[in-house]
Amino acid sequence: MTITTQKPLVRIEGLHKYFGPHHVLRGIDLTVNQGEVSVVIGPSGSGKSTMLRCVNLLETISAGRISVGDQLIGYREVNGRLHDLKVKEIAAQRREIGMVFQRFNLFPHKTALYNVMEAPVQVKGKNKAVAKKAALELLDRVGLADRANHYPAQLSGGQQQRVAIARALAMEPELMLFDEPTSALDPELVGDVLNVMKDLAKSGMTMIVVTHEIGFAREVGDRLTFMDGGVVVESGDPREIIANPQHARTKEFLSRVL
Amino acid sequence: MDHHQQGHAAPVLNDAVPVRHPGRWISAIIVVGAVILMIQSAITNPNFRWDVVGTYILDVKVVQGVGWTLLLTVAAMVLAIVLAILLAVMRQSDNPVLRYTSWLWVWFFRGTPVYTQLLFWGLVTVLYPTISLGIPFGPQLVSYVLSDPTHGLIPAILGLGLNESAYLAEIFRAGLKSVDKGQTEAAEALGMGKGKIMWRIVLPQAMRIIVPPTGNETIGMLKTTSLVLAVPFTLDLTFATNALANRIYLPIPLLIIAAFWYLLVTSLLMVGQHYIEKYYGKGVDTNQAPALINPAAAKAAAAVAPSAEAEPSLKMEFPEEEAK
């Protein structure tokens, strides 16, 4: 669908995650090439959100490795031994990775414009006028140029999520993570958000999208991964998997969500 | 929403008979009656000595006392707020030493009476007649003679401020905890550092929760300053009016004067609190949407001034989307 290279941007290898005694991720391997849209589906509790959150270290990694570009996420490797990165170094890694949350998590005390400007000005130290211009362009790109002065509480869920996408894009990330971006939306508002994501995919952004929107996976996805019980059950071309799932568990899940 | 009705005649509004509230009339009569009785008694009873109230209400000592009381209140609260932010942040820190230090501070200063603490700060002058800052075993850089009697102000501010910091620390901690964890996560995902997340994202939102009880504490502090004679500090409003009352053997009019000034200052503080609450409530407590911006103009000028063409009365709907 989109322009993809064979150059891997994200490599997840043997990822395990424990929450106390709960073994939530049981050895996940996933590679996402530059410019690829990788869609992850699965029942709730399958670990798909946890995996996504590990990629920008909102969850610590219990075992395994994640690298984005040439950077090992969360660690420095010295003589074969892993050393935890400092908070500042982790923050620097996160700047390259945009994230969109299920509950939007816009800053409620700032207008849409200032939500988008916040990180470029405060983190990258960009000039305010330059950041404002870029932010207005981004808001225009997500169809909300006229809502720049609105506070999040004055926007619909779909509008909030589009501001959240603009906010993540403002840091000019090389990778975008979407954690069920349409799950908290009224059905009629889902389309606008998906359209923004489709445009983003077409522009060549590398994306990992955890979602229940099978239609989006079929239309935009370059790869579909089905997770269940903390493991990858099936992974491959979205259209093939949706039309002809190989595993019984995938078949059962798809029959219920389609 | 009303588009379907356009073109039709305006509906006849329901002109229903409202429910009567006889209880309101009865309670009003009782309360007004009681107030009239009190006013009548206050005017006709000569023992109130309103003439003395009039003579002393603007007495230099009294007005200066108001000034000192305000200074004590403001200084102690500023000290307490700075310490409380520090203590609340320490309490949330990953560093266990800071966490326990904060806990211990709150335990100690909340667990001993403020009067005892004020007495102690007054007596520090016995333990340490001078405070000096310098290099250990080396030269002194700054020194401050605590035993100087005019210096009772500093021990008074310290006593009030440190005690208050323990209470405020708990208010700030509650405020910080009230902010959704998603806010921190969103800021972290943008690559913001810990300090920026606290100052720019979490604390401004926590202030909505923190300001009302802090206003309460400030008004409480205004009156707690009357305990500073324990230090002793003898220029505040309560001490000034008590001293006058003892001199002229008329305590009641001077109590009225003190109450009047405390009420006046409290009222002013409440006005201030109203504006602070309004400031920190922006985006949350005010749901009126601003006018839409003309997108073309916005793009062209990269400006955010509301367009004149926008509908001023536009109201947005915002469905509350609660995640399960």
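Predicted model: local features only at pLDDT ≥ 70, side-chain atom pairs only at ≥ 80, totals over all residues.

Student: Which residues of α3(A) are buried?

Tutor: They are Ala112(A), Leu113(A), Asn115(A), Val116(A), Met117(A), Glu118(A), Ala119(A), Pro120(A), Val121(A) and Gln122(A).

Student: What do the buried residues of α3(A) pack against?

Tutor: In chain A they pack against α4 (128–141) and α5 (157–169), and in chain B against α8 (194–224).

Student: Why does Gln122(A) count as buried?

Tutor: Its relative accessible area is 18%, and the cut-off for buried is under 20%. Gln122(A) touches Lys196(B) and Arg200(B), leaving aside residues up to four places away in sequence.

Student: Let us turn to the sheet. In what order do the six strands of the open sheet in chain A stand?

Tutor: The order is β8-β9-β10-β3-β11-β12, with mixed pairing. Because β8 (97–100) and β12 (231–236) of chain A stand at the edges with a single partner strand each, one side of each has no neighbour in the sheet. On average, neighbouring strands are turned by 15° against each other, direction ignored.

Student: Which helix packs on the sheet?

Tutor: Helix α1 of chain A, residues 48–55, does so, touching β3, β8, β9 (175–179), β10 and β11 (223–228) of chain A. The direction of α1(A) makes about 150° with that of β9(A).

Student: How many bridges join β3(A) to β10(A), and do the strands run parallel or antiparallel?

Tutor: Four bridges join β3 (residues 37–41) to β10 (residues 206–210) in chain A, and the two strands run parallel. Within this pair, Val37(A) stands opposite Met207(A) of β10(A).

Student: Is Val37(A) buried or exposed?

Tutor: Val37(A) counts as buried because its relative accessibility is 0%. Among the residues that Val37(A) touches beyond four places in sequence are Ala201(A), Met205(A), Val209(A), Phe216(A) and Val220(A).

Student: And how far is Val37(A) from Phe253(A)?

Tutor: They are 216 residues apart in sequence and 21 Å apart in space, C-alpha to C-alpha.

Student: On to hydrophobic packing. How many residues has the largest nonpolar core?

Tutor: That core has 81 residues, and those with the most contacts inside it are Ile12(A), Leu15(A), Met51(A) and Leu175(A). Helix α6 of chain B, residues 153–178, gives the most to this core, with eleven residues.

Student: What does Met51(A) touch?

Tutor: Not counting residues up to four places away in sequence, Met51(A) touches Ile12(A), Leu15(A), Leu25(A), Ile28(A), Leu30(A), Val40(A) and Met227(A). Another core, of 52 residues, lies apart from the largest one and includes Phe104(A), Ala135(A), Leu169(A) and Phe178(A).

Student: How do β1(A) and β2(A) pair?

Tutor: Strand β1 (residues 8–19) and strand β2 (residues 22–33) of chain A are antiparallel, over nine bridges. In β2(A), Thr31(A) is the bridge partner of Arg11(A). The two strands form a hairpin with two residues between them, and Gly20(A) in the turn has a positive phi of about 60°.

Student: Finally, confidence. What does the model score?

Tutor: The ipTM is 0.93 and the pTM is 0.83. Chain B averages a pLDDT of 86, with 84% of the residues scoring at least 70.

Technical notes: Residues numbered from 1 in each chain as written. Chains lettered and ligands numbered in written order. Heavy atoms only, no water. Buried < 20%, exposed > 50% of the residue type's maximum accessible area, 1.4 Å probe, protein only. Contact = heavy atoms within 4.5 Å. Pairing = 2+ DSSP bridges. Axes fitted to C-alpha atoms, helices over the stretch in contact; angles between N-to-C directions. Core = buried A, V, L, I, M, F, W, Y, C linked by side-chain atoms within 4.5 Å. pLDDT = per-residue confidence, 0-100.
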